[in-house]
Amino acid sequence: MPIGINYLNLIDTRTKYKMKAKTALNPTIFVIFGGTGDLNKRKLAPALYNLFMEGYMPEKFAIIGTGRTEFTDDSYKTALEEAVNEFSRSGKVKKDKWEDFGNTIHYCPTDFAEPKTFENLKAAVEKYQKEFGAGTQVIYYLAVAPNFFPIIAECLQKYKLTQDEDNSRIVIEKPFGHDLESAKELNALLSTIFTEKQIYRIDHYLGKETVQNMMAFRFANALFEPLWNRSYIDHVQISVTEQLGVGDRGGYYEGSGALRDMIQNHLLQLLCLVGMEAPINFDADEIRNRKVEVLKAMRPFSAEDIRFHTVRGQYSKGWVEGKEVPGYRQEKGVDPHSNTETFAAVKFHIDNWRWQGIPFYLRTGKRLNQTSSLITIQFRDVPHQIFSSDVTENWQQNRLVISIQPEMSIRMQVQAKRPGLDMVLNPVDMVFDYKGTYEGDTPEAYETLLLDAMMGDQTLFMRGDQVEAAWELVMPILNTWESKKSINFPNYPADSWGPEEAEALIARDGFHWFNLP
Ligand code: NAP
């Protein structure tokens with residue numbers, strides 16, 4: 001039975017900070033490359049609309065969508081209205097408000113294969129710049145396949161669209177690079193066109209409410225920090241599991257895999273939030289410095305580590321909720337002999353004073369038994385057991401479980417006495433549940449990130465050195481997995497918890513993977 005506790009004193013620093021944005025934002029032009037694509041439809045357009053509805057958009061703003069598909073301004077507006085109706089967390093658009101929002105939307109046909117089409121874009125941007133006046137900022141959002149990142153950046157430079165360092169920014173979707181070399185190349189190219197202050201590399205996980213709360217939780221409470229080290233923590237687990245398979249994205253996923261798609265970015269970012277030292281303030285660079293330090297302190301993988309501390313898997317067909325689902329190799333766009341992993345589990349170490357000897361187990365995979373993202377901090381056992389074994393049958397070390405999705409909660413698992421005449425101990429949960437504590441919807445990660453991009457706040461975006469450090473860490477594993485084909489793929493059925501070797505990886509150290517009931 002969960003015990004309710006009052007978390008009203010938890011300081012939500014970002015909310016306070018953001019309140020300022022309602023009045024302080026410069027006029028903004030959003031240029032969305034990939035304005036006809038899936039990401040814009042499902043995430044960006046609904047996020048901009050919700051920011052508008054809640055009064056966070058600047059007084060003057062314009063949205064310019066681009067793509068090769070033929071649209072007029074009106075038909076594009078209608079397409080976005082349908083998208084918002086379908087995907088917005090706030091439900092269907094409010095007609096009168098949509099009229100106002102819709103008036104800011106413009107469509108500009110652009111083809112990266114014909115850079116001359118950037119002339120039209122330049123004209124559209126300049127028209128709004130003139131209309132909005134001095135200080136107008138332009139945000140170029142690259143919601144397109146990564147092979148287009150360089151050409152777009154070069155065209156923006158060629159057409160002199162990014163010269164104003166203070167008022168032009170580029171937002172880059174994941175994946176940032178395919179490996180260390182390509183990430184370095186992209187960073188090098190971008191640095192010839194933009195300053196680092198202009199570059200916003202998105203990892204949308206960092207915009208999630210619970211992930212942001214990690215900072216508040218760790219650094220706005222005196223309670224946890226004294227315990228947050230190797231003396232009191234036994235091990236850490238970060239587990240991001242999905243019930244879905246690759247679906248229509250088989251072609252994309254074949255060139256990616258679980259390690260590239262999830263661990264190199266999202267899971268390592270979560271690890272940085274758990275592992276980082278306390279920043280001296282809430283400045284973007286201070287926080288990003290602390291995160292890079294974690295990545296730099298992580299133990300590089302030797303061939304032996306890769307053998308014993310990593311597990312890869314690929315799902316075979318199976319049954320999910322009464323429906324038969326195909327194996328990965330039978331999915332559309334996938335090689336029938338594919339070596340791509342749809343599951344990865346890795347044991348990491350951070351070699352510094354705080355974390356020496358404490359394993360960080362990261363696990364992610366598709367077609368698993370549950371969709372959930374959990375960070376579990378397992379504390380050490382009591383130094384001396386005073387209760388007899390019949391009293392402590394259900395004994396469990398203290399755990400802090402941060403659930404990022406679908407449930408948004410933080411739970412502290414402690415031992416308590418079960419009511420009754422006998423002294424019997426039982427693990428119980430003290431739960432901080434977002435839904436129960438706060439009223440109203442929580443904003444989507446993209447709302448937070450788009451607002452931050454408008455505010456010029458890079459805290460939740462990845463710096464170039466951060467991305468490279470993460471690639472550097474995973475490269476030996478990627479290289480080994482690519483050069484040595486797995487001989488036992490597929491090695492876990494749909495709806496399972498992944499390959500048995502992943503259980504063995506953690507069981508060898510005396511632990512087991514934690515899942516929410
Ligand atoms: P998508 O649905 O395939 O959209 C691609 C966009 O690129 C379309 O708007 C397309 O416009 C445009 N495009 C393609 N070739 C072009 C060209 N030669 N000139 C001009 N525009 C061109 O892809 P997506 O799913 O939105 O993903 C976009 C990016 O976001 C990718 O990097 C992806 O990894 C990342 N991402 C996506 C999601 C998601 O939920 N979808 C989540 C996280 C990250 P036309 O077809 O009109 O030309």
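This is a predicted model: local features need pLDDT of at least 70, side-chain atom pairs count only at pLDDT 80 or more; totals for chains, interfaces and linings use all residues.

Colleague: How many residues does the largest nonpolar core have?
Modeller: In soluble globular proteins, nonpolar side chains tend to be buried together. In this model, the residues with the most contacts inside the largest nonpolar core include Phe33, Leu268, Phe348 and Leu400. The size of this core is 146 residues.

Colleague: Which helix gives the largest share of this core?
Modeller: Leu271 is among the residues with the most contacts inside the core. Not counting residues up to four places away in sequence, Leu271 touches Ile238, Val294, Met298, Phe348, Ile350, Phe360 and Leu362. The largest share of the core amounts to 11 residues, and these come from helix 11 (residues 258-275).

Colleague: Why do the buried residues of helix 4 line one face of the helix?
Modeller: In helix 4, the buried residues are Tyr76, Lys77, Leu80, Glu81, Ala83 and Val84. On the other side of helix 4, Asp74, Glu82 and Glu86 are exposed. The buried residues line one face because, seen down the axis of helix 4, they fall within an arc of 165 degrees.

Colleague: What span does helix 4 reach from its first C-alpha to its last?
Modeller: Helix 4 covers residues 73-87 and has 15 residues. At 1.5 Å a residue, the expected span is 21 Å. The span in the model is close to that expectation, at 21 Å.

Colleague: Which side chain has an N or O atom 2.4 Å from an oxygen atom of the ligand?
Modeller: The ligand is surrounded by 21 residues, and the closest are Thr36, Arg42, Arg68, Thr69 and Val144. A polar side-chain atom of Asp111 lies 3.1 Å from a nitrogen atom of the ligand, while a polar backbone atom of Lys174 is 3.1 Å from an oxygen atom of the ligand. The side chain at 2.4 Å from a ligand oxygen is that of Thr69.

Colleague: Is Ala153 buried or exposed?
Modeller: Ala153 has its place in helix 7 (residues 149-158). Not counting residues up to four places away in sequence, Ala153 touches Leu190, Ile193 and Phe194. Its relative accessible area is 0%, and the cut-off for burial is under 20%. Ala153 is therefore buried.

Notes
Residues are numbered from 1 along each chain as its sequence is written. Side-chain values use heavy atoms; hydrogens and water are left out. A nonpolar core is a set of buried Ala, Val, Leu, Ile, Met, Phe, Trp, Tyr and Cys residues joined through side-chain atoms within 4.5 Å. Buried means under 20% relative accessible area, exposed over 50%, partly exposed in between (1.4 Å probe, protein chains only). Helices (H or I, at least four residues) and strands (E, at least two) are DSSP runs, numbered from the N terminus. Contact means heavy atoms within 4.5 Å. The expected span of a helix is 1.5 Å times one less than its number of residues. The arc is that of the directions from the helix axis to the C-beta atoms. A residue is near a molecule or strand if one of its heavy atoms lies within 4 Å of it. A polar contact is a pair of N or O atoms within 3.5 Å; within protein, one must be able to donate a hydrogen and the other to accept it, and residues adjacent in sequence count only if both atoms are side-chain atoms.
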